[in-house]
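Subject: Structure for your reading

Dear colleague,

Please find the sequence and the structure below, followed by my notes on what turned up when I went through them. I would be glad if you read the notes with the model open beside you.

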Amino acid sequence: MNSLDKLTKARSKLMRNNLGIATMLLTLDLIECDASKTETMATDGRQIFFHPDFVEGHSIPELQAVLIHEAMHVRFSHPLRKGNRHHILWNYATDHLIYDLGMQLPKGGLWDRKYMNMTAEKVYQQLANSPDDLKKTADNVSNESGDESGDTSGDTSGDTSGDTSGDESGDKSW
């Protein structure tokens, strides 16, 4: 079974217990990509990008958790809310807000109780203004997964000020 087939199987199995999420996932095309796009999986709000080595290296239940995680980025409009923020920093902030949801994400997933009940914008500001928090987050991602990006909602050249003026789409195609 190739990586697309494996991912499609994981998505199909979600239909049994997570019909709402699975239905949302059916609207997101699964696009294979190389490591220059992502080393794991990512979304731009319209598609889910995946690296075949990542898919092949994980079980169906782990892939289901990552699919739900990517769907939650879409559900919470993270790609659209990014604006001109720094891509990687925004992704860290939004990843902190997508809770476990009852499924175990592969190593490298972010979640810190201190960000509960905060908006993505507030978490972004906290990370931008706290070198210690940002280092802790970046160390967790790079030590666990080797990938610093989980959505593809823009480039990595945005600012870290939290200003959302300018391009609100945050949706840049490859």
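A charge is taken to sit over a ring if NZ of Lys or CZ of Arg is within 6 Å of the ring centre and within 35 degrees of the ring normal. Please bear in mind throughout that this is a predicted model. By that criterion R85 lies over the face of Y124, at 5.6 Å from the ring centre.

The centres of the W90 and Y124 rings are 6.0 Å apart and their planes meet at 55°, so the pair is classed as tilted. Since W90 belongs to helix α6 (residues 87–97) and Y124 to helix α7 (residues 120–129), the pair ties together parts that are 34 residues apart in sequence. W90 and Y124 are both buried.

Helix α6 as a whole is mostly covered, with eleven of its eleven residues buried; among them are H87, N91, D95 and H96. In the loop between α6 and α7 one finds T119, which is partly exposed, because its relative accessible area is 40%. The C-alpha atoms of T119 and A93 are 8.9 Å apart in space, although these residues are 26 apart in sequence.

Which residues does H78 touch, if those up to four places away in sequence are not counted? They are M72, H73, W90, T94, I98 and A120, so that W90, the Trp of the tilted pair, is among the contacts of H78. H78 itself lies in helix α5 (residues 78–81) and is buried, with a relative accessible area of 2%.

Turning to the sheet, three strands form an open sheet in the order β1-β3-β2, with mixed pairing. The edge strands are β1 and β2, each of which pairs on one side only, and the twist averages 25° from one strand to the next. Helix α4 packs on this sheet, where it touches β1, β2 and β3, and its direction makes about 20° with that of β2.

Strand β1 (residues 29–32) runs parallel to strand β3 (residues 47–50) and is joined to it by four bridges, with E32 standing opposite F50. Strand β2 (residues 41–43), by contrast, pairs with β3 in the antiparallel sense over three bridges; here A42 has F49 as its bridge partner, and T43 stands opposite I48. β2 and β3 form a hairpin with three residues between them, and G45 in the turn has a positive phi of about 95°.

Lastly, the nonpolar cores. The largest has 22 residues, of which L7, I21, L25, M41, I48, L63 and L67 touch the most other members. Two or more residues each come from α1 (3–14), α2 (19–26), β3, α3 (52–56) and α4 (60–75), and α4 gives the most, with seven residues. Leaving aside neighbours within four places in sequence, L63 is in contact with K6, L7, A10, M41, F54, V55 and H58. There is also a second, separate core of 14 residues, which includes Y92, L97, A120 and A138; of these, A120 is touched by H78, while Y92 and L97 are among the buried residues of α6.

With best regards

Note on methods: Residues numbered from 1 in each chain as written. Predicted model: local features only at pLDDT ≥ 70, side-chain atom pairs only at ≥ 80, totals over all residues. Heavy atoms only, no water. Pairing = 2+ DSSP bridges. Phe/Tyr/Trp six-rings, centres within 6.5 Å; stacked < 30°, edge-to-face > 60°. Buried < 20%, exposed > 50% of the residue type's maximum accessible area, 1.4 Å probe, protein only. Contact = heavy atoms within 4.5 Å. Core = buried A, V, L, I, M, F, W, Y, C linked by side-chain atoms within 4.5 Å. Axes fitted to C-alpha atoms, helices over the stretch in contact; angles between N-to-C directions.
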